Amino acid sequence: MKRRAFVRSAARVAAAIGLGGVLAGLVRKATSGGTVWQIDPWKCTQCGRCATACVLEQSAVKCVHSFDLCGYCRLCTGYFEPQPNALNTAAENQLCPTGAIFRTFVEDPYYEYTINEPLCVGCAKCVKGCTMFGNGSLHLQIRHDVCVHCNDCAIARACPADAIHRVPADQPYQFKRSRETA
Amino acid sequence: MNWLLAIQRFPPPEFTETGHQLPGFAVPMPRGPWLDHLDAAVLVVALALAAWFALRHRSRRGLVALGIFSVLYFGFWRKGCICSIGSIQNIAQGLADSSFGVPATVLVFGLVPLAFALLFGRVFCSSVCPHGALQDLMLLKPVRVPVWLEHGLRMIPHMYLGLAMIFAATGGGYIICQYDPFVTIFRFSGTVLMVSCGIGLLVLGIFVGRPYCRFICPYGALLGLVSTVSKWRVRITPDTCTQCRLCEQSCPFNAINSSTIEAPSRTVRADKWRLAAMIVLLPVLVGGFGWLGGTTGKSLMRNHRTVKLAGRVYLEETGKAPGTTGSSAVFRASGTPVERLYADARVVSDRFVLAGRLCGVWIALVIGGKLIALSIRRKHHDYEADRARCVACARCFQSCPQELQRLGLPVPEGAPLVPPP
């Protein structure tokens, strides 16, 4: 019995040293704040999986609009279907499947496009249109008031472009910015 | 740079007529870091309470109350992330990848329950882990699992632990989180597969005590290993065991080791031979499974994104395949040299073979270790909670007449009692 107790305490000390070693190895590069998931808009290929891969019923990925990049085009390729019947807000002309983009007149010939985030499902249809033919001011971001911060992000796993990665929680967004404001 | 091009397409307007100001947009921030620190503090306090309830106060009621709190707080309120079970993957990746920083909260969640296990046994499982607490609350009609099945199934968590660590360390993703059955219940959403697994395990858990903890949970396996050398442990009896056998059936998790006083003694000679055979078998198993793992890794790597892409690009470069696919078009648009892709693919395939071999070796060690452990016959005088298997749920306490006497409750007729010292 004495021998068994001795072996046990020796193993306990060894395990404690092991735990301490792991802690020492990691504590130096540990961050006091946590990390969150975010999309790198420059890597995003607008594949549309963000809308469906999220563990939430409504994806935490939303379209955001960098107004300082926007050309305020009358024919917005993020807003309108290819070859729209007319350049107005009728539903059949809109690219967005949920009608989450508002189009408002500013001055001739400029229109402003705003996202109604509760309606946005993160399908990236508008992002694709804007990036391919426009300035690319519409882009996807993970919204942290919706995101539940899974340890293993299901969208990151599904992303074909590896565009989703961990960022420090105190700088949780990677907005597209024009060179002047960046 | 796509965006420089993009800006040249339509320069942003000046709005000279109306002087229109660009609208801002909401930037909802994630929860503050102090909330993460609060989670860590709650975890430590809950662990201390669980240890006190299980070892000192000996209160099943306290553990149940703490368990309900943990399910509500760590489960439904915090939505299951970060949890200790998953955090060991971050730690493994942090150890393997020097550029991967692990947040302090994740370190606390991963390491503090292990430190507690080193001192008090698996008190984390009893009522702090939301997964364990949820299953513990579900157990209404316990059915005993046959011992042979118990031994067999108990090897799965150890294998799972090794695979998850190797996957996380070699960049294969976090499989523990990916296949977590209960997080879907805490969030009320998830894939059909995982939701049905979660509900299935909960229903199974009405009859079979804690099926996830015993037969799947990799963190439980780790805690079990650490608990075998814990400083203090859960004791069925508060003072002396009289071998009355009243506690024998009280554990729904097969975690009570019977006294070996009355056990039929097999010949020691046969036992020794078996032990020797198992020890000789171990290197054979390690070699065989290591080889098998390497081969499996080789065939699995073909599904990896980079390897697939490199294969496709190679076919295109050599003119064996016409045109491009979606991913090869993206690759070509990025302007990365082909040699870089080939080099990346080589790194990935080497990693797969290494990971496969390591997984094989680990599985062999688990099987061999189990066989050796089964061949060693431990003698013990009293009925005791097994150090590795006991999850400190405190169900057995009130089956002990000594405990009933201590609490001043009626003691069953004819139970042998030792007067309190």
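How many residues does the largest nonpolar core have, and which residues have the most contacts inside it?

Modeller: The model is a predicted one, and what follows should be read with that in mind. The largest nonpolar core has 137 residues, and those with the most contacts inside it are A:Ile155 from chain A together with B:Leu47, B:Ala50, B:Ala54, B:Val123, B:Phe124 and B:Ala392 from chain B. Helix H5 of chain B, residues 104–120, supplies the largest share of this core, with 10 residues. Apart from this core lies another, of five residues, which includes B:Ala310, B:Phe331, B:Leu341 and B:Ala345.

On the H5(B) side the contact is made by B:Pro113, B:Leu114, B:Ala117 and B:Leu118, which meet B:Leu222, B:Leu223, B:Val226 and B:Ser227 in H14(B). Of the residues in this contact, seven are nonpolar, one is polar and none is charged.

Turning to the domains of chain B, the assignment gives domain 1 as 39–234 + 384–407 and domain 2 as 268–375, with 30 Å between their centres, taken over C-alpha atoms. Between them, 10 residues of domain 1 of chain B are in contact with 11 residues of domain 2 of chain B. Helix H9 of chain B, residues 155–169, gives the largest share of the domain 1 side, six residues, and that side divides into four nonpolar, six polar and no charged residues.

As for the two chains, 55 residues of chain A are in contact with 52 residues of chain B. The elements that give two or more residues to the chain A side are helix H1 (2–27) and strands S1 (35–39), S2 (61–65), S3 (101–107) and S4 (110–115), each of chain A, and H1(A) gives the most, with 11 residues. The residues of this side divide into 27 nonpolar, 17 polar and 11 charged. Chain A is itself divided into domain 1 (1–30) and domain 2 (34–168), whose C-alpha centres lie 50 Å apart.

Methods. Residues are numbered from 1 along each chain as its sequence is written. Chains are lettered from A and ligands numbered from 1 in the order in which they are written. This is a predicted model: local features need pLDDT of at least 70, side-chain atom pairs count only at pLDDT 80 or more; totals for chains, interfaces and linings use all residues. Two residues are in contact if their C-beta atoms, placed from the backbone, lie within 7 Å. Helices (H or I, at least four residues) and strands (E, at least two) are DSSP runs, numbered from the N terminus. Ala, Val, Leu, Ile, Met, Phe, Trp, Tyr, Cys and Pro count as nonpolar, Asp, Glu, Lys and Arg as charged, and the others, Gly among them, as polar. Domain bounds come from an automatic or database domain assignment. A nonpolar core is a set of buried Ala, Val, Leu, Ile, Met, Phe, Trp, Tyr and Cys residues joined through C-beta atoms within 7 Å. A residue is buried if 20 or more other C-beta atoms lie within 10 Å of its own, exposed if 12 or fewer, and partly exposed in between; C-beta atoms are placed from the backbone.
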